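Colleague: Before I use this model, I would like to go through the terms applied to it.
Modeller: Here it is.

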Amino acid sequence: MKWIFSLLLLVSFSLKSQKLKKADRAIVQNLQSEIAFLSDDKLEGRETGSAGEKLAADYLVAKFNEIGLIPKGENASYLQKFDIDQGKTMMPASRLLINGEELRPMAEYFPLLFGSEGSLQAFSVPAFKEHGSPWFLDIKDLAEKNSANPHFDYEPAIRAVAAGYEQKGANAVFVFNSNTADDDLAFHPFSSLAALKIPVIYITKVAAEKHLTDPSSNLEIDLKLSVGDKKNSATNVIGMLDNGAPHTTIIGAHYDHLGYGEHNSLWTGARSIHNGADDNASGTALILEMARMLKKARFKKNNYLFICFSGEEMGLYGSKYFTNHPTIDLEKVNYMVNADMVGRLNPSTHLLTVGGVGTSPAWSKVFDSKSKYFQFQFDSSGIGPSDHTAFYLKDIPVLFFFTGSHKDYHKPSDDADKINYVGELQVIKFIYDVIEKTNSMDKLAFSKTAESGPEVPRFTVSLGIMPDYTYNNDDGVRADAVVDGRAAQKAGILAGDVINAIDNNSFTDLMSYMNVLSKYKKGETVKVTLQREGQQHIFELTF
């Protein structure tokens with residue numbers, strides 16, 4: 001914890017140098033403590049449904065109780081449990097025996113999920129490929145040819161070979177790697193590759209070195225492969241400040257993050273903890289500070305419900321679950337405020353993005369585009385890449401606060417020492433002022449905004465860019481950064497390019513961009529149209 005002490009000294013010095021008021025210094029010190037805890041390695045990145053998520057939830061429950069919020073989860077607790085989809089897994093009925101010896105599932109074999117379920121009993125020789133029998137694929141050559149490419153994806157290459165084997169009569173494909181210098185493949189519970197009609201099984205080095213040393217030996221294979229859905233549970237943390245008012249304002253932020261980065265990470269290095277200090281320990285800490293401030297405030301025209309969502313990084317699971325299983329009457333909700341990545345305010349531009357300003361006519365009375373501290377980027381849409389979307393889709397006015405993307409987004413480097421604590425203090429005070437202004441208003445009217453569709457689309461491919469969420473010119477999506485080794489970088493796309501279309505599918509904003517991405521699968525080759533310094537360019541890339 002030595003680094004936390006050093007950071008406290010740094011923050012203390014910074015606060016004194018900026019001559020903050022005593023109350024403001026207390027808020028910043030709280031932020032530092034809370035973000036440091038939530039982004040500590042011991043929470044292992046707060047992945048949805050993980051032990052680290054539970055540690056974070058326990059911490060938030062203790063804070064809600066300390067502040068004096070009423071439990072508003074399930075069964076008179078602060079917690080609301082919900083199920084999450086963690087992809088596929090082998091079912092207990094699965095088995096693989098080679099020459100009568102049963103292999104250990106996951107440790108010695110696992111399915112590649114572009115293959116199918118199935119059963120077979122057969123005799124097979126790895127060196128021979130006979131019609132109607134299992135075929136064996138040694139990926140040693142693939143491994144050696146791509147040993148210098150850390151971004152090479154084995155599964156599409158293996159699938160291409162396995163598809164050829166299937167067409168030539170294989171009834172299963174067993175994959176192994178005799179290159180002793182190369183690591184095993186990993187089991188991936190999600191697959192976006194088109195399915196084959198035969199099982200494809202990976203045999204790990206432990207088993208391959210035991211059973212597949214002689215390619216001319218006759219093997220007796222007994223396989224039963226059953227694959228099912230893997231479920232886990234996650235938790236929203238919910239507390240209420242009950243003023244006995246007829247309406248309730250919801251203030252929320254997600255507290256989950258990416259764990260070790262198995263999904264949605266932009267990191268291309270070794271497996272590492274993604275601590276998510278800005279995304280979204282910063283928003284979670286904002287919730288705690290707002291609860292403390294509103295507990296002391298005289299704003300009694302609304303009740304205040306504070307929700308820390310899980311499952312956001314996997315697809316807004318927690319907020320969707322809450323809005324479909326609310327613990328209060330949604331008809332009595334006034335509006336919802338969502339804070340996601342509010343800890344990296346640019347000290348030069350002070351740019352603050354405020355989304356959802358078109359979801360109620362009241363917001364035009366609340367917001368003044370002139371500010372002594374902030375430069376605003378307003379977005380009218382009620383739909384966006386965060387939890388406010390679920391509330392907007394229930395006809396609830398929303399606001400979304402965001403201080404901007406940065407090079408540490410979805411990488412292990414998103415750590416607490418990079419947070420602009422004084423900047424986040426100003427965001428908190430600004431949101432507090434917004435809440436104060438609405439305290440004198442009646443229940444806010446709801447307005448629909450122009451959207452591409454009623455749901456956030458699901459997509460399984462990526463260009464490999466980090467979109468600029470502050471870009472709002474209605475002519476496409478601007479790449480704020482391009483990820484090394486991904487499709488966009490390989491094709492020649494640069495940061496700052498404004499991408500307008502994929503093939504003949506044009507888009508004007510992030511929502512329509514995601515709709516277009518949902519049309520494609522991994523391995524497909526497309527033409528990307530973009531604008532660079534006023535000139536149109538077309539690039540070909542493969543997802």
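**Terms and values**

Modeller: The second largest pocket holds about 350 Å³ of space. The model is predicted: local features need pLDDT of at least 70 and side-chain atom pairs pLDDT 80 or more, while totals for chains, interfaces and linings use all residues. Residues are numbered from 1 along each chain as its sequence is written, and side-chain values use heavy atoms, without hydrogens and water.

Colleague: What makes a space a pocket?
Modeller: On a 1 Å grid over the protein atoms alone, a pocket is an open set of points with protein on both sides within 12 Å along at least five of seven lines; a cavity is a set where a 1.4 Å probe fits but cannot get out. Lining residues have an atom within 4 Å of a point. The second largest pocket has 15 of them, with Phe430 and Asp433 among those nearest its centre. Helix α11 (residues 421-438) gives the most, 6 residues.

Colleague: Why is Thr359 called buried?
Modeller: Buried means under 20% relative accessible area (1.4 Å probe, protein chains only). Thr359 has 0% relative accessibility, so Thr359 counts as buried.

Colleague: What does the side chain of Thr359 reach, and at what distance?
Modeller: The backbone oxygen of Gly356, at 2.7 Å. A polar contact is a pair of N or O atoms within 3.5 Å; within protein, one must be able to donate a hydrogen and the other to accept it, and residues adjacent in sequence count only if both atoms are side-chain atoms.

Key. Grid points are joined across faces, edges and corners, and a volume is the space filled by probe spheres set on the points. Helices (H or I, at least four residues) and strands (E, at least two) are DSSP runs, numbered from the N terminus. Buried means under 20% relative accessible area, exposed over 50%, partly exposed in between (1.4 Å probe, protein chains only).
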